[in-house]
Amino acid sequence: MKAQLLKLAHARSGDKGDTANVGLIALRDEFYPVLVREVTAARVKRHFGGICKGEVERFELPNLKALNFLLHESLGGGGTLSLMTDAQGKTFSTALLRLEIEIADDEARSLGIEP
Amino acid sequence: MRERIRVACGQGFWGDLLDAPVRQVEGGRIDYLMLDYLAEVTMSIMQKQRARDPRAGYARDFVPLMREILPACVRRDIRVTANAGGVNPPACADAVRDVARELGLGGRLKLGVVTGDNIMDRIDDLLSRGLELRNMDTGEPLSTVRERIQSANVYLGAQPIAEALDRGAQVVITGRATDTGLTLAPLIHEFGWRADDWDRLAAGTIAGHIIECGAQCSGGNCQYEWQSIPDLADVGFPIVEASPDGTFVVTKHEGTGGRVNVPSVTEQLVYEMGDPHEYITPDCVADFTTIRLEDAGENRVRVFGIKGKPATGFYKVSISYAAGFKAVGTLVYAWPQAYEKAQAADQILRARLERLGLKFDLIHTEFVGANATHGALAGEPSPDAPEVQLRVGVRGQDRNAVERFTKEIAPLILTGPPAVTGFAGGRPKVEEIVAYWPALIPKSEIEPRAEVTEV
């Protein structure tokens, strides 16, 4: 089944120059391995296709049950140069939570994830 | 040595809730109040103010705040660390000294001033000695923008602030110090942490990172169960209760709104994060993958396990420079076909700008209510959307072209698609763009100084 990340994680995002960062945090500890497996850098790059012009890097923080993504060249030049409403990438957090991942029905059931 | 020190954050940025520091002082026991006033854009504004008036160039709000809270701080021995000095910490200290004397506190406190961060006057010397100050993002040497530089400041760390506290300063005013240093310095001072005790310095740095954005760790901007976060109208700003071993508890005053829990603190930990293994400050390199969080009761989160690594041999420099001009204009289109109308207006506007022969580095269009924040991820806007705001921005080196753009927005009301409004604010303003040039400089080039004087 498909599950939107909104059901599995919460997130906060911010900026460093023209790079946006999105921290993705598992809502429950047992969701973290699913995030690690499914929400790869490549998957996030595809998701933000029209927005992120550069590379996507991913870092794992198992201690916080979180993943950190760096989306390079995503903020229209960044800081004061950017003409975007969201020049600081503060809403990239929920933009990532729109992502839908595929989970086997059995696994979803055992994790208590509803479609 | 005290076994527990309470450091409170009273200001997450310049422009944060004005009464937050007052409430931190009055709402319960604290030992230190840290106040962060400096965003990157602030430094260039202050540099311009100082060029016009040698007594200006600092966060003016800090002075009336001191008038309000200094008597209580002296009475209850609350010490203040603030980067309110901007590009002119001595002038800020003079103003605070005047206030203290007016309040009858002469002879009852010492003021600390940290300087040495401002390298504006040394740029040519540094460049001539072969330091290129290359842009950390683009790799370009600073010489490419030399003529347009407006301010240049090194991010100093906690050590000079701790030194001022060691020498008895009640209030320490810095220029461009790191946000984290304002929290770490009191812990170094109180607990006598050595300058190479990397684990503890990293712990104090992370404590600083958690509280430096004010209520953003105590319920503000928190996605986790946001609808149930109580009483944000009366949100409590965060407090770190630190212990000598480097562990600490994040909390807030009793009876305040907001929420401190593991999810709220985790959200703040990942905010503006780069490589979590290497959070670099002048004081140490902190490893965020070692942080352990634990629920320690209502509105209490215990933080422990933090490891750090040796500081690097460099300071980060933040240089601001003039980078052209920009303006943003908006109009609101109403149902029906609000999005289509806004799109049509954008096409008309662009055709007119083209016909006028105006050159811009960038023209950027957004449709607020349709896709301004999430772009195509938001899906196709509904034809029934009650309204959509057209928002067009331009950026370029030619001020006149940007100025001309600002005069092309209002005419769309009578010469474009129908059911349009939202121009009551008048023509958009042309803004000078001040851009940032992050670079590194060897620590040997910089001499931070802490001066402490009796009021």
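The model is predicted, so local features need pLDDT of at least 70 and side-chain atom pairs count only at pLDDT 80 or more, while totals for chains, interfaces and linings use all residues. Residues are numbered from 1 along each chain as its sequence is written, chains are lettered from A and ligands numbered from 1 in the order in which they are written, and side-chain values use heavy atoms, with hydrogens and water left out.

**The domains**

Begin by selecting 5-117 + 155-312 of chain B, which is domain 1, and then 322-434, which is domain 2; these bounds come from an automatic or database domain assignment. The C-alpha centres of the two domains of chain B lie 40 Å apart.

**The sheet**

Next select strands S9, S10 and S13 of chain B, which form an open antiparallel sheet in the order S9-S10-S13. Helices (H or I, at least four residues) and strands (E, at least two) are DSSP runs numbered from the N terminus, and two strands pair if DSSP finds at least two bridges between them. Strand S9 (279-280) and strand S13 (307-309) of chain B are the edges, each with a single partner strand, so one side of each has no neighbour in the sheet. S9(B) pairs with S10 (residues 285-287) of chain B over two bridges in the antiparallel sense, and B:Tyr279 has B:Ala286 in S10(B) as its bridge partner.

Contact here means heavy atoms within 4.5 Å; axes are lines fitted to C-alpha atoms, for helices over the stretch in contact, and angles run from 0 to 180 degrees between N-to-C directions.

Select helix H7 (residues 179-191) of chain B, which packs with H8(B) at an angle of about 135°, their axes being 7 Å apart. Residues that meet in this contact include B:Leu184 and B:Leu187 in H7(B) and B:Leu201 and B:Ile211 in H8(B).

Finally, select helix H9 (residues 262-269) of chain B, whose axis comes within 8 Å of that of H8(B) and crosses it at roughly 100°. Here B:Ile206, B:His209 and B:Ile210 in H8(B) meet B:Val265, B:Gln268 and B:Leu269 in H9(B).
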